[in-house]
Amino acid sequence: TLLAGNTLAADVYPNKPVTLVVPFAAGGPTDAVARLIAVPMGKELGQTVIVENTVGAGGTIAATRVARSAPDGYMIFIHHMGMATAPALYKKLNFDPMKDFEYIGQVVDVPMVLLGRKNFPPNNFKELEAYIKANKDKVTLANAGPGAVSQLCGLLFMSREGVELTTVPYKGTGPALTDLLGGQVDLLCDQTTQTVPYIKDGLVKAYGVTTPKRLPALPNIPTLDEQGLKGFEVKVWHGMYVSKGTPPAVVNKINKALNVALNDPEVKARLAESNIEIVPPAKRTPKGLQDHLDAEINKWGPVIRKAGAYAD
Ligand code: MLT
């Protein structure tokens with residue numbers, strides 16, 4: 001019977017390696033979080049969790065792949081708030097965030113920092129504003145494509161400054177950061193996941209953080225809010241998904257593995273170094289993610305449509 005089939009699926013799951021799909025390039029922030037939790041999740045599941053990067057179109061190619069995967073729990077997806085902005089950004093989307101997935105839970109919230117290349121002339125935010133006014137035709141701003149949080153942060157920044165800069169898209173902020181370090185682009189708004197050491201070592205310039213308060217890991221970097229962009233806030237939330245129809249018992253097993261991973265002392269310590277916040281247990285649930293995603297789609301949809309910020 002169907003019931004027996006469901007029970008069996010949960011009893012034997014997982015009996016082979018599990019894939020964790022990351023929608024951006026290897027070496028970037030989403031990839032780093034995924035690889036960090038994949039190990040303890042695999043330990044809890046009793047199988048290896050293999051991270052695979054399915055890149056392109058701001059995470060929507062990966063989301064389509066997972067939406068179409070067999071509902072058996074062998075393909076897990078981690079994505080950030082791009083899951084909520086994509087429906088408004090893309091005229092044609094091959095998946096529906098509210099219909100094509102089962103929800104495992106929210107994962108972490110990550111702050112962002114507005115960065116400049118090391119030898120970019122402005123030394124602080126005030127100088128940056130003046131420099132941009134005088135040179136707006138030549139300043140370049142990197143991002144990871146429509147649906148990426150680097151793009152969203154850049155859009156907010158440009159709209160607050162009333163300028164349009166030349167944007168340079170990458171398949172993730174990992175490669176974008178490499179180019180910023182190499183001096184090929186001027187600006188990048190990136191998550192703190194991998195940027196804190198570069199900021200501390202002076203290899204990039206940090207013009208401001210996107211949270212309402214300064215970050216303990218970067219106490220000397222002012223917030224954008226305190227430097228004049230009142231109310232400027234981007235906090236990057238993340239969720240974990242499997243395809244629609246995955247048996248509840250399998251969803252529960254994956255949820256337990258996620259929670260075990262996020263309670264792991266080594267994981268906690270590594271995340272704290274980058275000021276990454278593990279969300280409270282109530283959010284690390286299927287309902288916690290589903291409700292949040294729904295609210296976020298309703299929050300960002302009108303903002304994006306009003307701005308007319310469509311992807312091609
Ligand atoms: C990444 O992992 O490359 C980032 O999350 C991309 C972004 O959304 O800015």
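Student: Which residue in β2 stands opposite L20?
Tutor: The structure is a predicted model, in which local features need pLDDT of at least 70, side-chain atom pairs count only at pLDDT 80 or more, and totals for chains, interfaces and linings use all residues. Residues are numbered from 1 along each chain as its sequence is written. Strands (E, at least two residues) and helices (H or I, at least four) are DSSP runs, numbered from the N terminus. In β2, the residue that stands opposite L20 is V51.

Student: How many bridges join β1 to β2?
Tutor: Two strands pair if DSSP finds at least two bridges between them. β1 and β2 run parallel, and the number of bridges that join them is five.

Student: Which residue in β3 stands opposite V21?
Tutor: β1 is also joined to strand β3 (residues 75-80), by three bridges, and these strands run parallel. In β3, V21 has opposite it F77.

Student: In β6, which residue is the bridge partner of N143?
Tutor: Strand β5 (residues 140-143) runs parallel to strand β6 (residues 166-169), and four bridges join them. T140 has T166 as its bridge partner in β6. For N143, the partner in β6 is P169.

Student: Through which helix does the chain cross from β5 to β6?
Tutor: This β-α-β crossover is right-handed. The helix on the path covers residues 149-161 and is α6.

Student: Which residue stands opposite L141 in β7?
Tutor: β5 has two bridges to strand β7 (residues 187-191), and these strands run parallel. In β7, the residue opposite L141 is L187.

Student: Which helix gives the most to the shell around the ligand?
Tutor: The ligand is surrounded by 15 residues, the closest being G28, T30, A148, S150 and G172; a residue is near a molecule if its C-beta atom, placed from the backbone, lies within 6 Å of it. At least two shell residues come from each of α2 (29-45), α6 and α7 (173-181). With three residues, the helix that gives the most is α2.

Student: How many charged residues does the shell around the ligand have?
Tutor: Ala, Val, Leu, Ile, Met, Phe, Trp, Tyr, Cys and Pro count as nonpolar, Asp, Glu, Lys and Arg as charged, and the others, Gly among them, as polar. The shell has six nonpolar and eight polar residues. Its number of charged residues is one.

Student: Between which two elements is P14 found?
Tutor: The peptide bond from Y13 to P14 is cis, with omega near -10 degrees. P14 is found in the loop between α1 (2-12) and β1 (18-22).

Student: Is A57 buried or exposed?
Tutor: A57 lies in the loop between β2 (49-53) and α3 (60-67), and its phi is positive, about 50 degrees, although A57 is not a glycine. A residue is buried if 20 or more other C-beta atoms lie within 10 Å of its own, exposed if 12 or fewer, and partly exposed in between, with C-beta atoms placed from the backbone. A57 has 22 C-beta neighbours inside 10 Å, so A57 counts as buried.

Student: What is the value of phi in N275?
Tutor: N275 is in the loop between α10 (265-273) and β10 (277-278). With 21 other C-beta atoms within 10 Å, N275 is buried. Its phi is positive although N275 is a residue other than glycine, and the value is near 60 degrees.

Student: How far apart in space are R284 and N119, C-alpha to C-alpha?
Tutor: R284 lies in the loop between β10 and α11 (286-307), and R284 is buried, with 22 other C-beta atoms within 10 Å. Although R284 and N119 are 165 residues apart in sequence, the distance asked for is 42 Å.

Student: What is the radius of gyration of the chain?
Tutor: The chain has eleven helices and ten strands. The radius of gyration is taken over C-alpha atoms, and the globule rule is 2.2 Å times the number of residues to the power 0.38. For 312 residues that rule gives 20 Å, and the chain is close to this value, so the chain is as compact as a globular protein of that length, with a radius of gyration of 20 Å.

How values were computed: A crossover is right-handed if, with the strands pointing away from the viewer, the path from the first strand over the helix to the second runs clockwise.
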